[in-house]
Amino acid sequence: VRVYTRGGSKDTAQGYATGVHRFAKWKGTTPDELIEDAKANGTKWVSLINKYLDYAVGVQELSTSMSARVAVAVKKWLTVNELVTKGELLDVQKPTVTNIVSDRLPERDELKKILAGADVQDRVLVLVAISTGLRESTILLLRLGQIDGLEITGKGISITKEIPAIYVQGWQTKGKKPHATFLTPEAAFFILLTSLEASEEFFRTFALAANRISIPVALFRGR
């Protein structure tokens, strides 16, 4: 294997040689045979190196740092053997690992812990999100007048239906489509409880709601 570095140590050169052999072994061949095949038939080296990195990290579970060292060794080997120029290898990816966790609803015990550590506003957000499946961005745009089953009066809010419904407007959703969803009794009760913890100014605002004017849910903020 012809690999050298200007001013580099023998250990560095040996490390490059090991990386090249690892790459060739993945292809089921030797470094010399890889060179001969490239000269005879041509090789898309960037694509090939990227495929190796996907295999090394995703299948072989080689560390990203070790995979990166192999890629550096192969690039040096290709350059020294005049198979590519440095500019041709700029699109070789950097190996990374992304942890993917499937979304799921929290278990009852997990939900209790979340609510125990949340402030007033976050408790409302969590309960409404779980009971309706709405995005946080949509919930923050909701107005109390959209909830069928909560009665707004000058004294506050009262629950008038066992299962209140929320009528979401199209402009409040990502898909721009209006739809209806439902609140669990727990979420509705907590909205009611939150209103009782609000300030006098909150109730004065409600006093202006003779015709159920729209009042942002964002008013539910703890003091």
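What share of the contacts in the protein chain with a separation of 6 or more comes from residues 24 or more positions apart? The share is 58%. This is a predicted model, and its residues are numbered from 1 along the chain.

**Overall layout**

The protein chain has 9 helices and 5 strands. Along the sequence, they follow the pattern α-α-α-α-α-α-α-β-β-β-β-β-α-α. Of the 223 residues in the chain, 38% are buried. The accessible surface of the chain comes to about 14400 Å². Carbon and sulfur atoms hold 52% of that surface.

**Helix α6**

Helix α6 covers residues 120-132, which makes 13 residues. From its first C-alpha to its last, α6 reaches 18 Å. That is close to the 18 Å expected at 1.5 Å a residue. Which residues of α6 are buried? They are V120, Q121, V124, L125, V126, L127, V128, S131 and T132. After α6 comes G133. The phi of G133 is positive, near 80°.

**Two buried polar residues**

The backbone oxygen of T132 lies 3.4 Å from a polar atom of the T181 side chain. T181 itself sits in strand β5, residues 179-182. Is T181 buried or exposed? T181 counts as buried because its relative accessibility is 11%, and the cut-off for buried is under 20%. Leaving out residues up to four places away in sequence, T181 touches T132, L134, P164, A165, I166 and V168.

Q146 lies in a loop, between α7 (136-139) and β1 (147-148). Its relative accessible area is 8%, so Q146 is buried. The side chain of Q146 reaches the backbone oxygen of Y167 at 2.8 Å. Y167 is also among the residues that Q146 touches.

**Aromatic pairs**

How many aromatic pairs are there? The count comes to 5. Two of the pairs are set out here.

| Pair | Centre to centre | Angle between planes | Type |
|---|---|---|---|
| F23 and W26 | 5.7 Å | 40° | tilted |
| W45 and W77 | 6.1 Å | 85° | edge-to-face |

Take F23 and W26. Both lie in helix α1, residues 10-26. They are 3 residues apart, about one turn of the helix. An α-helix has 3.6 residues a turn, so residues three or four places apart point the same way. F23 is buried, with a relative accessible area of 0%. W26, at 26%, is partly exposed.

Now take W45 and W77. Where do they lie? W45 is in helix α3 (residues 45-58), and W77 is in helix α4 (residues 64-80). The pair therefore ties together parts that are 32 residues apart in sequence. W45 and W77 are both buried.

F23 and W26 also belong to a cluster. Together with Y52 and Y55, they form one aromatic cluster. The charged end of K27 sits over the ring of W26, 6.0 Å from the ring centre.

How values were computed:
Predicted model: local features only at pLDDT ≥ 70, side-chain atom pairs only at ≥ 80, totals over all residues. Heavy atoms only, no water. Helix = DSSP H or I, 4+ residues; strand = E, 2+ residues; numbered from the N terminus. Buried < 20%, exposed > 50% of the residue type's maximum accessible area, 1.4 Å probe, protein only. Polar contact = N/O pair within 3.5 Å; in protein donor to acceptor, adjacent residues only side chain to side chain. Contact = heavy atoms within 4.5 Å. Phe/Tyr/Trp six-rings, centres within 6.5 Å; stacked < 30°, edge-to-face > 60°. Lys NZ or Arg CZ within 6 Å of the ring centre and 35° of its normal. Expected span 1.5 Å × (residues − 1). Areas by Shrake-Rupley, 256 points an atom, 1.4 Å probe, with all protein chains shown as cover.
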